[in-house]
Amino acid sequence: MKKALKKALASLAMGCAMAFSATSHAAGDMSHADTSSAAQQSADAENSMSHGEIKKVDTAAGKLTIKHGPLDNLGMGAMTMVFKVNDPALLSQVKAGDKVDFIADEVNGALTVVKLRKQ
């Protein structure tokens, strides 16, 4: 039994060492990656923006009411809802009726607009 346990532990240790080695090697290879991956991430962020229409701007409460399409990153369908904003300056950039592209995320338990751009 002890021999089997030693063999299993040795096998586990070897597997961990190989996994660590492969991870380290892959991380080293990333240092030679070109900057196109950063450009791709930026393009992905643009494509992940939701589209909507501002229904109400509540400057005092720091909130926007937006009629929006699906919020894929939050798994939500189209609806009209109220969002906090992460930057109060966003409130002065829009008014009711404006068409917008935005990204909403859950921040400290509240659905929050973290990026906003008028169309």
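Visitor: What makes a residue count as buried, and what share of this chain is buried?
Guide: This is a predicted model. Buried means under 20% relative accessible area. In this chain, 23% of the 119 residues are buried.

Visitor: What makes up the secondary structure, and in which pattern?
Guide: The chain has two helices and five strands. Along the sequence they follow α-α-β-β-β-β-β.

Visitor: How are the five strands arranged?
Guide: They form a closed barrel that runs 1-2-3-5-4, with mixed pairing. Neighbouring strands of this sheet are turned by 55° against each other on average, direction ignored.

Visitor: Why are strand 2 and strand 3 called paired?
Guide: Two strands pair if DSSP finds at least two bridges between them. Strand 2 (residues 63–68) and strand 3 (residues 79–85) are joined by six bridges, so they count as paired. They run antiparallel. His68 stands opposite Met79 in strand 3.

Visitor: What share of contacts joins residues at least 24 apart?
Guide: Take contacts between residues at least 6 apart in sequence; 46% of them join residues at least 24 apart. A contact here means heavy atoms within 4.5 Å.

Visitor: How do you know how confident the predictor is?
Guide: pLDDT gives that confidence for each residue, from 0 to 100. The chain averages 79, and 61% of the residues score at least 70.

Visitor: Where does pLDDT stay under 50?
Guide: Over residues 38–45. For that stretch the model has one contact beyond four places in sequence.

Key. Residues are numbered from 1 along each chain as its sequence is written. This is a predicted model: local features need pLDDT of at least 70, side-chain atom pairs count only at pLDDT 80 or more; totals for chains, interfaces and linings use all residues. Side-chain values use heavy atoms; hydrogens and water are left out. Helices (H or I, at least four residues) and strands (E, at least two) are DSSP runs, numbered from the N terminus. Buried means under 20% relative accessible area, exposed over 50%, partly exposed in between (1.4 Å probe, protein chains only). Axes are lines fitted to C-alpha atoms, for helices over the stretch in contact, and angles run from 0 to 180 degrees between N-to-C directions.
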